Amino acid sequence: MKIAITGATGFVGSHLCHALENEGHELLKLGRSEVQAETAQLAEQLQGCDAVINLAGENIARRWTEQYMQALYDSRVLTTRALVQAIRLLEQRPGLFISTSALGAFDSSGRYSEADAPNAGGFFGHLTRDWEQAAHGAEVLGVRTLIFRLSLVLGRDGGMMKQLLPPFRLGLGGPVGDGSQPFSWIHIHDLVRAYRFALDHPEMVGVYHLSAPDATSNREFARALGRQLHRPALLPVPLLALKLRFGKGAEALASGQYLISERLPEAGFHFQYDTLAKALAEITS
């Protein structure tokens, strides 16, 4: 297949590109300049693509100012709108559009499957609703459309684990706050497998939660990582410290959501890393 992909240089994108290239797919890696070009120019780039995978988005693990919050929004929502508008111009449209969303679509008080309507308020609730609405525009054009709501992605060479492993190896790790917030996660290898699975299963449409069945709490995650590294994990990270580093993003980074993945297993997908112990063993090996 010829596959266009945004966000190819990020943690998730680089892993996915590596897997797809190894399988012989031809990849068109779209950078910021290509996506922000005139719609007709972007459409010309997408001509002949069998699928479009949208992973674009600024990193949330930075200090949030009003300006950066706008960048977080634009890099996700405006990019998705631009892709859909370009697809609209094509006579021969791609057969598949996979866009991204996040667990921030939900609040922290319940357990949510794909059957539940997003209910988060605040900045992240607004962002995810507009993000997903923009992706549904491809569905209106007759393109098979999937929205993957990602939980926290765990892998040894990027994402949150790249930041957490050094202090935890020194015995300086611990939960965020009291650690009671939900902690939904997926191993990077399973995430990549889910995208590859979707390419091969044309019956898949709509929203899917990419979350392993062993969701836990932030406290239990910290304890499990400490056990895996044979280190104590007793030093909590106070919310004040997060506020000093991440500004307005502190509360979002300190919260958690409990995602249940029902539709992926129903489609026949099996998680290779179905327990946190398996995932952490691979990451720390």
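User: In this predicted model, is helix H7 mostly covered or mostly open?

Analyst: The general idea comes from helix geometry. An α-helix has 3.6 residues a turn, so residues three or four places apart point the same way. In this predicted model, H7 is mostly covered, with nine of its 12 residues buried.

User: Which residues of H7 are buried?

Analyst: The buried residues of H7 are Ile188, Asp190, Leu191, Val192, Ala194, Tyr195, Phe197, Ala198 and Leu199. The helix spans residues 188-199 and reaches 17 Å from its first C-alpha to its last, close to the 16 Å expected at 1.5 Å a residue.

User: How does helix H4 read by that length check, and where does H4 bend?

Analyst: H4 covers residues 66-89, which is 24 residues. From its first C-alpha to its last it reaches 34 Å, close to the 34 Å expected at 1.5 Å a residue. There is a bend of about 30° in H4, at Asp74.

User: Now the sheet. In what order do the six strands stand, and what is the sense of the pairing?

Analyst: Strands of a sheet pair through backbone hydrogen bonds, either parallel or antiparallel. Here the order is S2-S1-S3-S4-S6-S10, the sheet is open, and the pairing is parallel. S2 and strand S10 (206-210) are the edge strands, each pairing on one side only. On average, neighbouring strands of this sheet are turned by 20° against each other, direction ignored.

User: How many bridges join S1 to S2, and which residue is the partner of Ala4?

Analyst: Strand S1 (residues 2-6) and strand S2 (residues 26-30) are joined in parallel by five bridges. Ala4 has Leu28 in S2 as its bridge partner.

User: Which way do the residues of S3 point, and are they buried or exposed?

Analyst: In a regular strand the side chains alternate between the two faces of the sheet. In strand S3 (residues 51-54), Ala51 and Ile53 point one way, Val52 and Asn54 point the other way, and all are buried.

User: How does the sheet continue from S3 to S4 and S6?

Analyst: S3 runs parallel to strand S4 (residues 96-102), and three bridges join them. One of the pairs is Ala51 with its bridge partner Leu96 in S4. S3, H4 and S4 together make a right-handed β-α-β unit. S4 then pairs in parallel with strand S6 (residues 144-150) over seven bridges, where Ser99 stands opposite Ile147 in S6.

User: How many disulfides are there, and why is Cys17 in none?

Analyst: The check is the distance between cysteine sulfurs, which must be within 2.5 Å for a disulfide. The whole structure has zero disulfides. Cys17 forms none because its sulfur is 13 Å from the closest cysteine sulfur, in Cys49, too far for a bond. Cys49 is likewise in no disulfide, and its nearest cysteine sulfur is that of Cys17. Both residues count as buried, Cys17 at 3% relative accessibility and Cys49 at 5%.

User: What is the phi of His230, and where does His230 sit?

Analyst: Most residues other than glycine have a negative phi. His230 is not a glycine, yet its phi is positive, at about 55°. His230 sits in the loop between helix H8 (218-229) and helix H9 (239-246), and is exposed, with a relative accessible area of 67%.

User: How far apart in space are Gly158 and Phe11, and where is Gly158?

Analyst: Separation along the chain and separation in space are read apart. Gly158 and Phe11 are 147 residues apart in sequence and 5.6 Å apart in space, C-alpha to C-alpha. Gly158 is in the loop between strand S7 (152-155) and helix H6 (159-169), and is buried, with a relative accessible area of 5%.

User: What are the two separations for Phe124 and Arg156?

Analyst: Phe124 and Arg156 are 32 residues apart in sequence and 26 Å apart in space, C-alpha to C-alpha. Phe124 belongs to helix H5 (residues 122-140). Its relative accessibility is 19%, and the cut-off for buried is under 20%, so Phe124 counts as buried.

Technical notes: Residues are numbered from 1 along each chain as its sequence is written. This is a predicted model: local features need pLDDT of at least 70, side-chain atom pairs count only at pLDDT 80 or more; totals for chains, interfaces and linings use all residues. Side-chain values use heavy atoms; hydrogens and water are left out. Two strands pair if DSSP finds at least two bridges between them. Helices (H or I, at least four residues) and strands (E, at least two) are DSSP runs, numbered from the N terminus. Buried means under 20% relative accessible area, exposed over 50%, partly exposed in between (1.4 Å probe, protein chains only). The expected span of a helix is 1.5 Å times one less than its number of residues. The bend at a residue is the angle between axes fitted to the seven residues ending there and the seven starting there. A crossover is right-handed if, with the strands pointing away from the viewer, the path from the first strand over the helix to the second runs clockwise. Axes are lines fitted to C-alpha atoms, for helices over the stretch in contact, and angles run from 0 to 180 degrees between N-to-C directions.
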